[in-house]
Amino acid sequence: MVIILVVLVGLAVDPWLITPSVPAVLTLALQILHCLPATKRFRGRWSLAAQALLFPWAGPPGFLAASVLLILPGRIRWALFGAVVAAAGLLNLGDVYTCVNAMGNTLAVGVTVYGLTRLSDLRAELRAARGELAAESVAGERERFSRDLDAALGATLSEIAGLAARGQVERILTLARESAARVRATPAAPVDPPPADLTPRLALPIVVVAHLEYLAVGAVSLVDASPPALLLAAELTALVVIIGLSVYHCLPRPPGVRPRHAGWTLSAQTALACLPLLLPGGPDPRMVGFAVGSILIIVGGRLAWALSGAVAVSVPVILLVRSVPLGEAASLTVDMVIIASIFYGLALLTGLVHEIREARLALAAMALARERRRIARDVHDLLGYGLSAIIVKAELAARDPLRAERELADIPLIARRALGDLRAIPGDDPRMSLHAELVSARDVLTAAGIAVRVDVSADGLPGAVDALLATVLREAVTNVLRHSRARTCSVEVTAADGTARLRVTNDGVPETTAGTAGQGVGNLTERVAALGGRLTAGPRPGEEYELLVLQPAGLGRDADRVDAVAGVQLGDDRP
């Protein structure tokens with residue numbers, strides 16, 4: 001915003017005028033209204049019409065040209081922009097240089113002010129929408145994962161349900177074991193952030209057009225002065241080099257990236273721009289503005305301001321020493337400062353747009369990584385239980401023909417439940433019920449020949465805590481089925497002093513796995529820690545394995561309450 005104000009005021013100020021005219025002040029006020037992000041909602045066609053009425057009496061005409069581009073929609077704005085440029089030439093028909101200079105200045109000021117304003121608006125828009133890209137990326141990732149999960153596991157679960165009805169136990173076991181292996185090995189997909197547009201398309205054409213205008217006007221001025229041919233050729237060559245190097249220095253680049261050989265190119269540009277101040281003839285310090293802008297762009301930091309300030313201050317001193325009138329020296333100095341401000345402003349705003357875009361990409365990448373980890377975690381934690389239960393039921397049906405019909409009848413129910421979990425995973429965390437998981441855990445463990453004891457004395461747990469403990473219980477039971485030779489398993493749920501406690505113990509832990517913690521325990525530890533709790537898991541004396549969760553239960557007591565779990569029937573249910 002400061003850069004825009006400096007440029008607008010500098011373009012509007014004429015050092016030759018001690019008292020600015022009323023139309024000039026009104027035109028500047030309207031242009032500020034059109035350019036500042038904070039006043040965007042106040043501008044419109046009414047303010048554009050008011051500025052157009054002041055056009056013949058107040059300059060610079062480039063303000064109106066910029067306002068046309070900023071306010072009017074569609075292609076018509078470019079036609080009207082051209083009309084404003086042509087009108088500026090028609091109002092200055094004294095000689096060729098005056099006409100070309102008026103049209104060139106209108107063109108350059110118009111596109112420059114438009115570019116500075118749009119870059120500033122774009123920066124504000126990107127900053128305000130930093131989270132939108134992350135949300136869109138997560139939504140797209142959820143949709144992709146939903147398709148992939150359904151293709152990889154959904155069809156298998158549906159097939160298992162059909163096989164159970166036909167009594168094909170061996171095929172069920174094969175599919176369930178293969179799917180369980182895939183679930184345990186499911187990694188998070190690599191993070192591929194959306195591609196970035198590292199060079200804002202808006203800045204480059206404005207930089208080129210503005211420089212071409214200064215080149216054209218400067219060339220006409222030199223030719224109009226009618227110097228000797230050799231001198232004219234040298235001056236035109238210097239002009240082309242100075243402006244060409246300025247374009248090179250101003251090209252949009254990612255933050256922190258400097259032009260190649262910047263030390264040499266900046267030195268050459270500064271020397272060529274300052275040399276005319278010391279040569280005979282009328283000194284023209286405006287070319288120094290390009291060098292000052294390049295110093296600010298390339299050097300950076302306090303050193304840049306010190307160097308550019310030293311060069312800028314030397315200009316009016318040299319002009320006054322060479323007997324240039326005070327008003328003319330002030331006008332030329334202002335022109336130099338405005339040129340430097342314009343191109344430094346374009347480069348600075350372009351760099352800020354880069355930084356915000358990169359920040360948005362980083363946020364999107366982090367959101368994608370979190371979402372992929374969450375989905376992979378949920379696939380492991382939620383589907384692993386259902387597949388393990390299917391394997392237990394199928395193995396029991398294969399071993400005991402007398403129980404085969406009952407166990408096979410349970411498999412479609414478990415498969416459909418797992419299918420529901422699978423389709424809920426890509427959404428927000430699936431909300432589970434501790435009551436339902438306790439009932440299911442007792443049933444599955446009992447079917448596996450494990451004596452189960454369930455002791456529940458907690459009532460009215462908050463919804464988030466209830467769902468968390470349900471998830472932990474499901475994975476704990478899965479681990480008992482997969483990794484232990486348990487004969488007994490105990491589940492205790494209590495709540496006291498604002499803390500919910502879940503304790504799952506079993507016997508018969510193999511020595512080879514007693515000291516290891518797999519992916520499931522790591523996932524559960526993250527889940528519990530995210531809500532401020534603590535999970536510990538490991539062997540206990542006497543070949544007993546314990547998983548313990550201590551979870552603050554004061555979260556959301558007034559919302560998301562679930563059915564009390566105290567209604568679960570307690571006792572030792574042995575097969």
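The secondary structure of the protein chain, taken from a predicted model, consists of 18 helices and six strands. Of the 575 residues in this chain, 48% are buried.

| Helix | Residues | Buried residues named |
|---|---|---|
| α13 | 301-321 | Ala-304, Ser-308, Val-311, Ala-312, Val-315, Leu-319 |
| α6 | 96-128 | Thr-112, relative accessible area 2% |

Helix α13 has 21 residues, which at 1.5 Å a residue should span 30 Å; the C-alpha atoms at its ends lie 31 Å apart, in agreement with that expectation. The buried positions of α13 include Ala-304, Ser-308 and Val-311. Viewed down the axis of α13, the buried residues fall within an arc of 90°, so they line one face of the helix. An α-helix has 3.6 residues a turn, so residues three or four places apart point the same way. The other side of α13 carries the exposed residues Arg-302, Leu-303, Val-313 and Val-321. After α13 comes Ser-323, whose phi is positive, near 65°.

Thr-112 belongs to helix α6. Thr-112 has a relative accessible area of 2% and is therefore buried, the cut-off being under 20%. When neighbours within four places in sequence are set aside, Thr-112 is in contact with Ile-206, Ala-210 and Ile-342.

Methods:
Residues numbered from 1 in each chain as written. Predicted model: local features only at pLDDT ≥ 70, side-chain atom pairs only at ≥ 80, totals over all residues. Heavy atoms only, no water. Helix = DSSP H or I, 4+ residues; strand = E, 2+ residues; numbered from the N terminus. Buried < 20%, exposed > 50% of the residue type's maximum accessible area, 1.4 Å probe, protein only. Expected span 1.5 Å × (residues − 1). Arc of directions from axis to C-beta. Contact = heavy atoms within 4.5 Å.
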